[in-house]
Amino acid sequence: MLDSLYNVLIALWHQDFTALMAPGSAAFIYVCVATLILLESGFIPAAPFPCDSVVILSGTLAAVGVINAPFAFCLIFICAASGSWLGYMQGRWLNRLPRVQSWVHAVPQKRLDTVDRLLGHHGLVALFVARFIPVVRSLLPLVMGMRVSHATRFHYFSWLSALLWTLLLTGTGYILPSLPEPISKTVTMMLMMGPVITLTIAVLSAVIIKVRRMMKPAKQPAGEA
């Protein structure tokens, strides 16, 4: 059984469509997909998992009859939303630790008020958008758990964004087999590269901002002189 799970996991990771169509693989596909989505949505160390591609592939497998489409959709939807809730609860728990509280208290109150105001006005919308961005998808719920106490509103946006994310990606995967092969391959490649491109842009933006902040103090003395 463990060998079968491992083989299905490797096939999902490498998008090996032929291996996933083997008889009796459906149950293992459900287990692997649910685990990947839950971990990637709720835990930052699991952020590199290619879950966007896995969800698209699940839609394609459902279209050709390897897995059950309604069951796979509900499973992915529930795991995605539950993963965000786990991230939120991690933030709530971390915020109670003395070490984390000391870090928060070291920040000027004016800065904290600004963060709270931004999260209050834009945080829940950002949560919705973050569902479609790898890494940020698991990071933002944790941050919101530390700074936002409106669990009801968090649930609303978390489950709504999970629903639309699942619907969009599984729906795309579902219609791919009906497209002409050249178009299908092109669309699949673009969808698989999308999360990588988004992540690369985010990392480069963070590096550029960091470099600018480091160079700014060095330029000030020269300007004063």
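Predicted model: local features only at pLDDT ≥ 70, side-chain atom pairs only at ≥ 80, totals over all residues.
Residues are numbered from 1 along each chain as its sequence is written, and side-chain values use heavy atoms, with hydrogens and water left out.

On the terms: a cavity is a set of points, on a 1 Å grid over the protein atoms alone, where a 1.4 Å probe fits but cannot get out, and lining residues have an atom within 4 Å of a point. Points are joined across faces, edges and corners, and the volume is the space filled by probe spheres set on them.

With a threshold of 30 Å³ or more, the structure holds 1 cavity. Which residues line the largest cavity? They are Ser84, Leu127, Ala130, Arg131, Arg137, Pro141 and Ser161. By class that is 3 nonpolar, 2 polar and 2 charged, with Ala, Val, Leu, Ile, Met, Phe, Trp, Tyr, Cys and Pro taken as nonpolar, Asp, Glu, Lys and Arg as charged, and the others, Gly among them, as polar. Helix H7 (109–130) and helix H8 (136–147) each give at least two residues to this lining; helices are DSSP runs (H or I, at least four residues), numbered from the N terminus.

Now the helix packing. Axes are lines fitted to C-alpha atoms over the stretch in contact, with angles from 0 to 180 degrees between N-to-C directions.

Take H3 (residues 26–42) and H5 (residues 69–94): their axes come within 7 Å and cross at roughly 30 degrees. That makes H3 roughly parallel to H5, the word for angles under 35 degrees; over 145 is roughly antiparallel, 65 to 115 roughly perpendicular, and the rest oblique. The crossing is right-handed, meaning the near helix is turned clockwise from the far one by less than a right angle, with anticlockwise being left-handed. Residues in contact (heavy atoms within 4.5 Å) include Tyr30 and Val33 of H3 and Phe71 and Ser84 of H5. The contact has 12 nonpolar, 7 polar and no charged residues.

H3 also meets H4 (residues 51–63). Those two axes come within 10 Å and cross at roughly 150 degrees, so H3 is roughly antiparallel to H4. This crossing is left-handed. Among the residues making the contact are Ile29 and Glu40 of H3, with Cys51 and Leu61 of H4.

Finally, the axes of H4 and H9 (residues 151–175) come within 6 Å, crossing at roughly 50 degrees, which means H4 is oblique to H9. Their contact includes Asp52 and Gly59 of H4 and Trp165 and Tyr174 of H9, and divides into 7 nonpolar, 4 polar and 1 charged.

Thanks, all!

Key. 1 Å grid on protein atoms, 1.4 Å probe; cavity = no way out; pocket = protein on both sides within 12 Å on 5 of 7 lines; lining within 4 Å.
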